[in-house]
Amino acid sequence: MKIEPTSRRIAVLLSGRGSNFQAIANQIDQGMLNADIALVLSNKESAAGLEEARRLGLKTAYLPSAGLKREEYDRKAVALLEENDVALVCLAGFMRILSPVFVKAFPLRILNIHPSLLPAFPGLEAQRQALEHGVKFSGCTVHFVDESLDGGPIVRQVIVPVLDGDTVEDLSDRILWQEHRTYSEAIGEVLDGRCEIRDRRVVIDG
Ligand code: GRF
C-alpha cells in the first residue's frame, strides 16, 4: 500500500525540550525539507519546544490533560489537528501513549522517533536500557505509530556505537545528533509519497 499524504501540512507534538522540533523547523527554513508546520501541539504548558515554536511565529496549541480520560484527550487533539488540515502528525518527545481513537483518525499518518534500534528497548529511558543491557550498538528509529508501544512499521533506523565508559548523557547526545538528521529525511520521504508498506516493511522508492 502506497502512503500518500494529501498535503505537506504537518503537526509536531511535543512535551519537553523540543530539539527534534527545532531540527525539523531548521531543515524547513534551510530548504532541506519541504513541509509546512501547521501546528505545534503540547500537553505541557512549560515545554521549551512550545515556547520556541511561539518565538518562531508558528501556530501553537497547549492542550492540558488534567481530568480527561485518554480517549477524551485524544478526541480533542484529533479535532484540533483536523481543524488545521494536518496531513501528517510527527511525534517528537510527546510523552503520551495514543489511544485507538487517535491512531484510527490518522492511519499510517503518524510518525514517531525513538532513541533505540526498535524493537529493542521500547518505552521510557531507551538509552539507559541499552547501556544497562551492555549492547555495543544502539541508535534511533523513525516509525509509523500503531496501537502498540513503539511497535509500528519502521521507516528509518540509524546505528550509533556505544562506547566503553559512556554515560546515559553521552549516549543520548550521540543518538540525538542522528535523530535530528534522520527524522526530517523520513518526514520528507513520507510527504513525497515515496513510502509503500508491504506487510510490515516500509519500502522507500528511490
Ligand atoms: C528524543 O530522544 C526522542 O527520540 C524521544 O524523546 C526525545 C525528545 O527530545 N522520543 P526533544 O524534546 O526532541 O529534544
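This is a predicted model: local features need pLDDT of at least 70, side-chain atom pairs count only at pLDDT 80 or more; totals for chains, interfaces and linings use all residues.
Colleague: Over how many bridges do strand 2 and strand 3 pair?
Modeller: Strand 3 covers residues 36-42 and pairs with strand 2 in the parallel sense. The bridge count between strand 2 and strand 3 is 6.

Colleague: What separates the C-alpha atoms of N84 and A11?
Modeller: N84 lies in the loop between helix 3 (70-83) and strand 5, and with a relative accessible area of 6% N84 is buried. Beyond residues up to four places away in sequence, N84 touches R9, A38, L39 and K59. Along the chain N84 and A11 are 73 residues apart, and their C-alpha atoms are separated by 8.7 Å.

Colleague: Is H143 buried or exposed?
Modeller: H143 sits in strand 7 (residues 137-144). Leaving out residues up to four places away in sequence, H143 touches residues including I110, L111, N112, H114 and L118, and also D150, G151 and P153. The cut-off for burial is under 20%. With a relative accessibility of 2%, H143 counts as buried.

Colleague: What distance separates the C-alpha atoms of V190 and A120?
Modeller: V190 is part of helix 6 (residues 168-191), and a relative accessible area of 0% makes V190 buried. Outside four places in sequence, the contacts of V190 are with I3, P5, L88, L111, F144 and C195. A120 is 70 residues from V190 along the chain, and the separation of their C-alpha atoms is 24 Å.

Colleague: What is the relative accessible area of Q27?
Modeller: Helix 1 (residues 19-29) contains Q27. Away from residues up to four places off in sequence, Q27 touches M32, L33, H180, R181 and S184. The limit for calling a residue buried is under 20%. Q27 is buried, at a relative accessible area of 16%.

Colleague: There is an open sheet of 3 strands too; which strands stand at its edges?
Modeller: The order in this open sheet is 1-9-10, and the pairing is antiparallel. The edge strands have a single partner strand each, so one side of each is left without a neighbour in the sheet; they are strand 1 (2-3) and strand 10 (201-204).

Colleague: In strand 10, which residue is the bridge partner of I197?
Modeller: Strand 9 (residues 195-198) and strand 10 run antiparallel and are joined by 4 bridges. The partner of I197 in strand 10 is V202.

Colleague: Zooming out, what radius of gyration does the chain have?
Modeller: The chain holds 6 helices and 10 strands, and its C-alpha atoms fill a box of roughly 50 × 40 × 35 Å along the principal axes. For 206 residues, a compact globule would have a radius of gyration near 17 Å, which agrees with the value of the chain, 16 Å.

Colleague: Last one: how far apart are the mean positions of the positive and negative charges of the chain?
Modeller: The chain exposes about 10,300 Å², with carbon and sulfur atoms supplying 49% of that area. It carries 24 positive and 29 negative charges, and the distance between their mean positions is 2 Å.

How values were computed. Residues are numbered from 1 along each chain as its sequence is written. Side-chain values use heavy atoms; hydrogens and water are left out. Helices (H or I, at least four residues) and strands (E, at least two) are DSSP runs, numbered from the N terminus. The radius of gyration is taken over C-alpha atoms; the globule rule is 2.2 Å times the number of residues to the power 0.38. Accessible areas come from the Shrake-Rupley method with a 1.4 Å probe; for residues, only the protein chains shown count as cover. Lys and Arg count as positive and Asp and Glu as negative; His and the chain ends are not counted. The place of a charge is taken as NZ of Lys, CZ of Arg, CG of Asp or CD of Glu. Two strands pair if DSSP finds at least two bridges between them. Buried means under 20% relative accessible area, exposed over 50%, partly exposed in between (1.4 Å probe, protein chains only). Contact means heavy atoms within 4.5 Å.
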